[in-house]
Amino acid sequence: MLILGILIICAFIISMNTGYIRLSPLDVVTTLFGMGTEKQSLILFHFRLPRIVISVLIGAGLAVSGCILQGISRNALADPGILGINAGAGLMVMLYISFFPPVSTGSVFLLPVLALFGAGAAAALVYALSYKRNEGISPTRLILTGIGVAAGISAVMIVLTLKLDPDKYQFVATWLVGSIWGSNWKFVLALLPWIAVLLPFVLYKARVMNVLTLGENTATGLGAPVEKERLLLLATAVGLAGSSVAVSGGIGFVGLIAPHLARRLVGPKHELLLPASALTGALLVIVADTIARWILQPTEIPTGIFVAIIGAPYFLYLLARS
């Protein structure tokens, strides 16, 4: 985890130097201490720094959300994107964008709430369709139901995009593939409370998650209120994923890859796995966003494309193994 933290700091520094208008390390240092030019201050403080901070928050939020879902479902392939949670959040954001300006002042703080509502509705639908009395939640049934619900919501979103005017269509098309579009400090302030409240709560529930991974019967025998804790953790995962998707768009696979990589590094105990997942997710998104801004300058490629380039082969590898 210390190495992951150092790598995030290194990526943070490199990202501040990367962009169409390059700032040297000396320029960055002088600007941070208030001795840069007006142009350098504008680039660093108004464009790059909020986007980098948002990348870290989004990566941590999506990764921990995926870790929770994998823990409570006991399925290694569980992920906010695969289970339809991202799609549900995206549908609500798209409905809002269809009727209001995408980056109006009020929408900055309203979008996470709308995304949470959409993600919660999708999660509730998947949970209800997957649940069977006397059997509980089957991991395989949960994944298949999630894929089906996500496909249905995605179809509705495609129909909605056909009714948008050209400007909104371009915005939505970029948002759907995962673009960190909310790159100013208002979006940081809108996202930060969700991450700051929900991440410590999940860490507090780490021991409960350890018990839940033992199976429903064993957890019940140890005295854990399984359904209550599962629903509470599911709501937390929905909150983390929904608020992150509201700002980042449809970035997929972070919640799948980061917990797996973290599990290989620190093992299955959630006291270590949850913070390691958060660090791994933050590193993954900040590196992907930096590459997306650098590789085809002056054009920017959506961050979600680079995450998918890593995530899709890894997902297929996991399917082949299990």
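Helix α6 is the top contributor to the lining of the largest pocket in this predicted model, putting in six residues. That pocket holds about 480 Å³ of space. Its lining runs to 22 residues, and those closest to the centre are Gly81, Asn86, Ser154, Gly250 and Gly252. Besides α6 (139–161), the elements that supply two or more lining residues are α4 (85–99), α7 (166–176) and α14 (303–321).

Next up is the second largest pocket, with a volume of about 280 Å³. It is lined by 13 residues, with Tyr20, Phe47, Arg48, Arg293 and Glu300 sitting closest to its centre. Here helix α3, spanning residues 38–73, gives the most to the lining, at four residues. The class breakdown for the second largest pocket is five nonpolar, four polar and four charged residues.

Moving on to the aromatic rings, the structure holds two aromatic pairs. One of them joins Tyr127 and Tyr131, whose rings are stacked, with 6.2 Å from centre to centre and 15° between the planes. The two partners fall into separate burial classes: Tyr127 has a relative accessibility of 15% and so counts as buried, while Tyr131, at 36%, counts as partly exposed. The other pair is Tyr314 with Tyr317, where the ring centres are 5.9 Å apart; because the planes meet at 40°, this pair is tilted. Both of these tyrosines belong to helix α14, and being three residues apart there, they are separated by about one helical turn. Tyr314 is buried, its relative accessible area being 15%, whereas Tyr317 reaches 38% and therefore ends up as partly exposed.

Finally, a word on Ala276, which is found in helix α13 (residues 270–294). Leaving aside residues up to four places away in sequence, Ala276 touches Met1, Leu4, Ala262 and Val266. As for Ser244, this residue is 32 residues from Ala276 along the chain, and the C-alpha atoms of the two are separated by 18 Å.

Methods:
Residues are numbered from 1 along each chain as its sequence is written. This is a predicted model: local features need pLDDT of at least 70, side-chain atom pairs count only at pLDDT 80 or more; totals for chains, interfaces and linings use all residues. Side-chain values use heavy atoms; hydrogens and water are left out. On a 1 Å grid over the protein atoms alone, a cavity is a set of points where a 1.4 Å probe fits but cannot get out, and a pocket is an open set with protein on both sides within 12 Å along at least five of seven lines; lining residues have an atom within 4 Å of a point. Grid points are joined across faces, edges and corners, and a volume is the space filled by probe spheres set on the points. Ala, Val, Leu, Ile, Met, Phe, Trp, Tyr, Cys and Pro count as nonpolar, Asp, Glu, Lys and Arg as charged, and the others, Gly among them, as polar. Contact means heavy atoms within 4.5 Å. Rings of Phe, Tyr and Trp (its six-membered ring) pair if their centres lie within 6.5 Å; planes under 30 degrees apart count as stacked, over 60 as edge-to-face and the rest as tilted. Buried means under 20% relative accessible area, exposed over 50%, partly exposed in between (1.4 Å probe, protein chains only).
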